[in-house]
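Please look through the sequence and the structure shown below before reading on.

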Amino acid sequence: MSGFSSFFSSVSANAKQMAAQAAESVKPMADAVKAQAASIDTSKVRDAAGQFGHQASEALSQARMAAEPQITQAKELAAKQAKNLSKVNAKSLLNHNASFGVPIDAVAYRDVSGESRPQARVPAILEKILLYLEQDPHFTDPASVSQRSERLFMNRPNGQVVKSVAKGLDQGLGDVDLAAIGDVHVVAALLRQWLPAAAEAPVG
């Protein structure tokens, strides 16, 4: 038993001695690393980092300045498109045959059948109304044309009838025979209704 104890004591002493020698051999290397770390000028590192940050800031500023015209142009285009969108005439989009409450330029390029034509002309709805009125005695009698035509436009016909006829014309000009209405005052009221609405309707 005493032999084992002396053996382990011997091994323990040898291990301690080897550890002490290892520590002594590593110490110079550790001291050299510490000395090298202490010799580093941290102010230069800070200066280099600061310089890099300044350069990065300058590069970002230059990139922003270079992109500014494109950004401004994109903003202006977006604002213009938003403005145009706000002026789109919903009625003319939903019904391409509509004549009442739509801008003049929307009807000037359409014929009586609702088909597009290459050049602007007198709107078909206006031609249809004027052609009918020109054949009425209020305008064909030279002796009283002024007085009678004035009374014609001052007269207020049944509003529901005017609304119904306007709705029919919006569905298709060719589907409505103004002569069949039998009341020239209704047709005059249609003209009175169409003119300001066409001039004030939003233009898309």
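Accessible areas come from the Shrake-Rupley method with a 1.4 Å probe, and for residues only the protein chains shown count as cover. By this method the protein has an accessible surface of about 14400 Å², of which 60% belongs to carbon and sulfur atoms.

This is a predicted model, in which local features need pLDDT of at least 70 and side-chain atom pairs count only at pLDDT 80 or more, while totals for chains, interfaces and linings use all residues. Residues are numbered from 1 along each chain as its sequence is written, and side-chain values use heavy atoms, with hydrogens and water left out.

The pLDDT is the predictor's confidence in each residue, from 0 to 100; its mean for the protein is 74, and 67% of the residues reach 70 or more. Confidence is lowest in helix 7 (residues 145-154), with a mean of 62, and highest in helix 8, with a mean of 91. Where pLDDT is low, the predicted coordinates should not be read in detail.

Helices (H or I, at least four residues) and strands (E, at least two) are DSSP runs, numbered from the N terminus, and the protein has 9 helices and 0 strands. Of its 204 residues, 23% count as buried, where buried means under 20% relative accessible area, exposed over 50%, and partly exposed in between (1.4 Å probe, protein chains only).

A nonpolar core is a set of buried Ala, Val, Leu, Ile, Met, Phe, Trp, Tyr and Cys residues joined through side-chain atoms within 4.5 Å. The largest one here has 27 residues, of which Ile129, Leu133, Leu169, Leu178 and Leu190 touch the most other members. Two or more residues of this core come from each of helix 5 (124-134), helix 8 (159-171) and helix 9 (184-200), and helix 9 gives the largest share, 9 residues.

The table lists contacts (heavy atoms within 4.5 Å), leaving aside neighbours within four places in sequence.

| Residue | In contact with (heavy atoms within 4.5 Å) |
|---|---|
| Ile129 | Leu178, Val187, Leu190, Leu191 |
| Ser99 | Val107, Arg110, Ile125, Leu169, Asp170, Leu173, Trp194 |

Serine 99 lies in the loop between helix 3 (90-94) and helix 4 (104-107), and this serine is buried, with a relative accessible area of 2%.

In helix 8, the residues Val162, Val165, Ala166, Leu169 and Asp170 are buried. Seen down the axis of helix 8, these buried residues fall within an arc of 145 degrees (taken from the directions from the axis to the C-beta atoms), so they line one face of the helix. The face turned away from the buried side of helix 8 carries the exposed residues Gln160, Lys163, Ser164 and Lys167.
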